[in-house]
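Subject: Structure for your review

Dear colleague,

I am passing on the structure we spoke about, and my notes on it follow below. Please read them with the coordinates open beside you.

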Amino acid sequence: FNNILVRLGGNIYVASYGIILNVSYVIICIFSGIAQSIQPIVSMNYGHNSIKRTKTVFRYGFITSIFIGVSSFLIALMFSENISSLFINNDFELLSITIYGMKIYFIGCIFMAFNIVTIYFFQSINQSQKSILISLCSGILFIILGFLILIPILKINGVWFVYPFSEFLGCIVCLLIIKRTNIENKKELIL
């Protein structure tokens, strides 16, 4: 990200990206907290073959994280100037770039919410290979794909869209894996 931002827009874009990334880490920690909270409950119920409870806990985690993801996006949309101003003093160009980038970047929070809960869910039911697949897709493969597709088309704006693009495709992978999995009798997942 930093190399592409320096090449396309200069150091000011790297500074802006750093601010956006630091703010997004707070949201990632919240999603991880939700996912880690459901993990022992899912594991215990799955281990006791309480499949209905296992699915219910996953749904609660999913609903809670999606609510937080949508709320995070809306907060970034409405208060990006206020949030950015916490990090920036008297640099109106940096402020403008950060406000614009934050509004786009935080679209990804909506999808990341589901991805993180799903990753932890599969770890909880002893299907870590599915968690690894989702993590690799959204964390590496789709980011590279986003760079290859979005940067040539959108230039510097494409950098802001790479993260939502990657998380959206990761969400599709999650949904496909969930659809193909059935956890009845400690085997796999159906919602």
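A crossing of two helices is called right-handed if the near helix is turned clockwise from the far one by less than a right angle, and left-handed if it is turned anticlockwise. In that sense, α3 passes α4 in a right-handed crossing. Please keep in mind throughout that this is a predicted model.

The pair α3 and α4

Helix α3 covers residues 51-85 and helix α4 covers residues 92-105, and the two pack with their axes 9 Å apart at an angle of about 160 degrees. Since angles over 145 degrees count as roughly antiparallel, α3 is roughly antiparallel to α4. On the α3 side the contact involves Phe-73, Ala-76, Leu-77, Ser-80, Glu-81, Ile-83, Ser-84 and Ser-85, which meet Leu-95, Thr-98, Ile-99, Met-102 and Lys-103 of α4. Sorted by class, the residues of this contact comprise 7 nonpolar, 4 polar and 2 charged.

As for α4 itself, its 14 residues reach 20 Å from the first C-alpha to the last, which is close to the 20 Å expected at 1.5 Å a residue. The buried residues of α4 are Leu-94, Leu-95, Ile-97, Thr-98, Ile-99, Gly-101, Met-102, Ile-104 and Tyr-105, and what covers them includes α2 (11-47), α3, α5 and α7 (156-180).

The loop between α3 and α4

Two residues of this loop deserve a note. Asn-90, which lies in the loop between α3 and α4, has a positive phi of about 60 degrees although it is not a glycine. For context, most residues other than glycine have a negative phi. Asn-90 is also exposed, with a relative accessible area of 73%. Asp-91 has its place in the loop between α3 and α4 as well, but it counts as partly exposed, because its relative accessibility is 31%. The C-alpha atom of Asp-91 is separated by 29 Å from that of Gly-69, and these two residues are 22 apart along the chain.

The pair α2 and α3

Helix α3 also packs against α2, at an angle of about 175 degrees and with the axes 9 Å apart, and that angle makes α2 roughly antiparallel to α3. From α2 the contact draws on residues including Val-23, Ile-27, Ile-30, Phe-31, Ile-34 and Ile-38, while the α3 residues in it include Val-57, Phe-58, Gly-61, Ile-68, Gly-69 and Ile-83. By class, the contact of α2 with α3 has 14 nonpolar, 7 polar and 1 charged residues.

Helix α5 and the residue that follows

Helix α5, residues 108-124, has 17 residues and reaches 24 Å from its first C-alpha to its last, close to the 24 Å expected at 1.5 Å a residue. This helix is mostly covered, with 14 of its 17 residues buried. After α5 comes Asn-126, which lies in the loop between α5 and α6 (128-154). Phi of Asn-126 is near 65 degrees, a positive value in a residue other than glycine, and Asn-126 is exposed, with a relative accessible area of 68%.

With best regards

Terms used. Residues numbered from 1 in each chain as written. Predicted model: local features only at pLDDT ≥ 70, side-chain atom pairs only at ≥ 80, totals over all residues. Heavy atoms only, no water. Axes fitted to C-alpha atoms, helices over the stretch in contact; angles between N-to-C directions. Helix = DSSP H or I, 4+ residues; strand = E, 2+ residues; numbered from the N terminus. Parallel < 35°, antiparallel > 145°, perpendicular 65-115°, else oblique. Contact = heavy atoms within 4.5 Å. Nonpolar A, V, L, I, M, F, W, Y, C, P; charged D, E, K, R; others polar. Expected span 1.5 Å × (residues − 1). Buried < 20%, exposed > 50% of the residue type's maximum accessible area, 1.4 Å probe, protein only.
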